[in-house]
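This report concerns charged pairs and a nonpolar surface patch. Please consult the sequence and the model shown below.

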Amino acid sequence: SLLEGKNPKLEEQTKQLKDATDADLAKKQAEISQIKADVQSLKEAAVKQLSESEAQAQQLKTEYEELCVTTTLETEMVNKELAAALEALIGHKLHIQQTLKRIDEQTKNYLEDVIAS
């Protein structure tokens, strides 16, 4: 170049400024790369966490549905057992009533026989 060597001091200052600018630029690019890596890492962690949360929610939903089915079946079973118990109780009550009626008739017959003789 035409000016080359003409002003070594200006050339040195320009070189130092260029070196400082290059170093600053390299530092900024390293910071940008680090920020990009951090953002990517955060994004991956968020995606993983979301995926785990969805899986957990699905598992809880399945457990809830199973519990609903179990509860319904148990309620039906308890109702059937209750109905059977009530039926047995009614049967027992009728049996007791019939027995008392028979005893009452036997007692009347006995008393009539005693009085008659």
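## Basis of the report

A salt bridge is a side-chain nitrogen of Lys or Arg within 4 Å of a carboxyl oxygen of Asp or Glu. The model is predicted, with local features needing pLDDT of at least 70 and side-chain atom pairs counting only at pLDDT 80 or more, while totals for chains, interfaces and linings use all residues. Residues are numbered from 1 along each chain as its sequence is written, and side-chain values use heavy atoms, leaving out hydrogens and water.

## Salt bridges in helix 1

The whole structure holds six salt bridges. One of them joins Asp104 to Lys108, with 3.7 Å between the closest N and O atoms. Asp104 and Lys108 are separated by about one helical turn because they stand four residues apart in helix 1 (helices are DSSP runs of H or I, at least four residues, numbered from the N terminus). Asp104 is partly exposed at 41% relative accessibility (buried is under 20%, exposed over 50%, partly exposed in between, with a 1.4 Å probe and protein chains only). Lys108 is likewise partly exposed, at 48%.

Lys15 and Asp19 also form a salt bridge (3.0 Å, N to O), and both lie in helix 1, four residues apart. A further bridge links Asp22 with Lys18 (3.0 Å, N to O). Here Lys18 counts as exposed at 51%, whereas Asp22 is partly exposed at 37%.

## Nonpolar patch

Tyr110, Leu111, Val114 and Ile115 make up a nonpolar surface patch with about 450 Å² of accessible area together. Patch members have over 30% relative accessible area and no salt bridge; nonpolar side chains (Val, Leu, Ile, Met, Phe, Trp, Tyr) are joined within 5 Å, like charges within 9 Å. Accessible areas come from the Shrake-Rupley method with a 1.4 Å probe, and for residues only the protein chains shown count as cover. Ile115 belongs to helix 1 (residues 8–116) and is exposed, at 69% relative accessible area.

Note on methods. Helix = DSSP H or I, 4+ residues; strand = E, 2+ residues; numbered from the N terminus.
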